[in-house]
Amino acid sequence: MSAFISNKLIHPSTHAPHLFPRVSRTKENIKTHSLTSAIHPMAKTNRFIPDFITKVTEKNAGLVGEEDSKTLSHLKTQLLQQLKGINRGIFGVASSKKSDIEALVKLLESQNPTPDPTLNLEKVGGCWKLVYSSITILGSKRTKLGFRDFITLGEFYQTIDIQQSKSVNVIKFNARGLKLLNGKLTIEASFKIASKSRVEISYDNSTITPDQLMNVFRKNYDILLGIFNPEGWLEITYVDDTMRIGRDDKGNLFILERSEDDTV
């Protein structure tokens with residue numbers, strides 16, 4: 001993932017998965033009628049109610065109160081519901097669904113409880129699981145990589161070591177053949193703080209294990225790495241104890257949930 005995972009994550013792209021620019025507070029305080037219009041399709045399907053949207057748009061970034069916490073929890077629940085059944089968006093998402101996701105993300109970003117994430121890296125460190133990315137694998141790329149036929153994408157994880165300024169992105173695969181072959185692409189990257197909300201990510205190295213899986217991808221390895229390489233900058237636009245959102249220099253969006261998985 002930007003990161004992953006992004007393609008850059010800090011999640012560390014030919015590159016690996018990543019952390020993005022914040023919208024100014026002036027732009028965040030959008031008038032209620034404008035925001036309601038922007039996500040009107042969602043309102044019609046009762047995914048939001050007008051009063052709720054009004055309360056959200058009247059608030060500023062950096063919330064800390066109990067009511068604010070409930071607001072963020074509600075928005076996150078709505079967002080995760082939107083992400084169900086789309087396989088992290090990796091093989092494309094309908095434009096209407098993508099717009100709904102973007103609208104919810106912008107609401108969360110406008111209420112970011114950690115506006116200076118690189119000054120609070122303890123919020124960023126640890127293991128994260130990618131739940132959505134605007135990066136897609138379509139057309140000939142999907143065919144060449146075998147994702148139409150015999151290779152299935154597993155989970156995407158990103159582990160951030162704030163002490164070493166390192167990140168490791170792991171993309172798991174299942175290959176169907178004479179027997180089921182499980183493997184993973186591991187991308188290691190380094191990062192340095194560029195601003196209060198942005199990190200610069202540098203690609204270090206990558207490996208595919210086991211060797212049998214590397215043989216499957218060898219011919220198109222550059223394509224695979226080009227998709228998941230997190231190199232570049234990543235803006236951390238939202239982070240709390242359980243969710244992180246970022247945008248990279250290629251315009252990609254990443255949404256991750258904190259993971260307790262220690263088998264990555």
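**Notebook: salt bridges, barrel and loops**

Glu-235 is buried, with a relative accessible area of 4%. I call a residue buried under 20% relative accessible area, exposed over 50% and partly exposed in between, using a 1.4 Å probe and protein chains only. This is a predicted model, in which local features need pLDDT of at least 70 and side-chain atom pairs count only at pLDDT 80 or more, while totals for chains, interfaces and linings use all residues. Residues are numbered from 1 along each chain as its sequence is written, and side-chain values use heavy atoms, with hydrogens and water left out.

**Entry 1: salt bridges**

I looked up the salt bridges, each being a side-chain nitrogen of Lys or Arg within 4 Å of a carboxyl oxygen of Asp or Glu. The structure holds 7 of these salt bridges. In one of them, Arg-247 meets Glu-102, with the closest N and O atoms 2.7 Å apart. Arg-247 lies in strand β7 (residues 243–248) and Glu-102 in helix α6 (residues 95–110), so this pair ties together parts that are 145 residues apart in sequence. For the elements I use DSSP runs numbered from the N terminus: helices are H or I with at least four residues, and strands are E with at least two.

Arg-247 has 17% relative accessibility and therefore counts as buried. Arg-247 also forms a salt bridge with Glu-109, the closest N and O atoms being 2.9 Å apart. This pair too links distant parts of the chain, with Glu-109 in helix α6 and Arg-247 in strand β7, 138 residues apart. Glu-109 counts as buried because its relative accessibility is 7%.

I then went back to Glu-235, whose side chain meets that of Arg-198 in a salt bridge (2.7 Å, N to O). The two sit in distant parts of the chain, Arg-198 in strand β5 (residues 198–209) and Glu-235 in strand β6 (residues 232–239), 37 residues apart. Arg-198 is partly exposed, at a relative accessible area of 22%. As for shared partners, salt bridges join Glu-102, Glu-109 and Arg-247 into one network.

**Entry 2: Asp-248**

A polar atom of the Asp-248 side chain lies 2.9 Å from the backbone nitrogen of Lys-250.

**Entry 3: the barrel**

How many strands make up the closed barrel? There are 8, running β1-β2-β3-β4-β5-β6-β7-β8 with antiparallel pairing. On average, neighbouring strands of this sheet are turned by 35° against each other, direction ignored. Two strands pair if DSSP finds at least two bridges between them.

I checked the pairing of strand β1 (residues 126–133) with strand β8 (residues 253–258): 5 bridges join them, in the antiparallel sense. Here Ser-133 has Phe-254 in β8 as its bridge partner. β3 and β4 run antiparallel and are joined by 10 bridges, with Lys-172 opposite Lys-184 in β4. β4 and β5 also pair antiparallel over 10 bridges, and Phe-191 stands opposite Ile-201 in β5. A hairpin is formed by β4 and β5, with 4 residues between them.

**Entry 4: helices on the barrel**

Helix α6 lies across β1, β6, β7 and β8 and runs at about 110° to β7. Helix α9 (residues 221–228) lies across β2 (151–161), β3 (166–175), β4 (181–193) and β5, at about 150° to β5. Axes are lines fitted to C-alpha atoms, for helices over the stretch in contact, and angles run from 0 to 180 degrees between N-to-C directions. Contact means heavy atoms within 4.5 Å.

**Entry 5: loops**

Val-93 is in the loop between α5 (66–82) and α6. Leaving aside neighbours within four places in sequence, Val-93 is in contact with Ile-86, Lys-98 and Tyr-132. Val-93 counts as partly exposed, at 22% relative accessibility.

Most residues other than glycine have a negative phi, and most peptide bonds are trans. Asn-87 has a positive phi near 50° and is found in the loop between α5 and α6. Ser-165, in the loop between β2 and β3, has a positive phi of about 55°. Thr-209 and Pro-210 are joined by a cis peptide bond, with omega about -5°. Pro-210 is in the loop between β5 and α8 (211–217).

Note on methods: A polar contact is a pair of N or O atoms within 3.5 Å; within protein, one must be able to donate a hydrogen and the other to accept it, and residues adjacent in sequence count only if both atoms are side-chain atoms.
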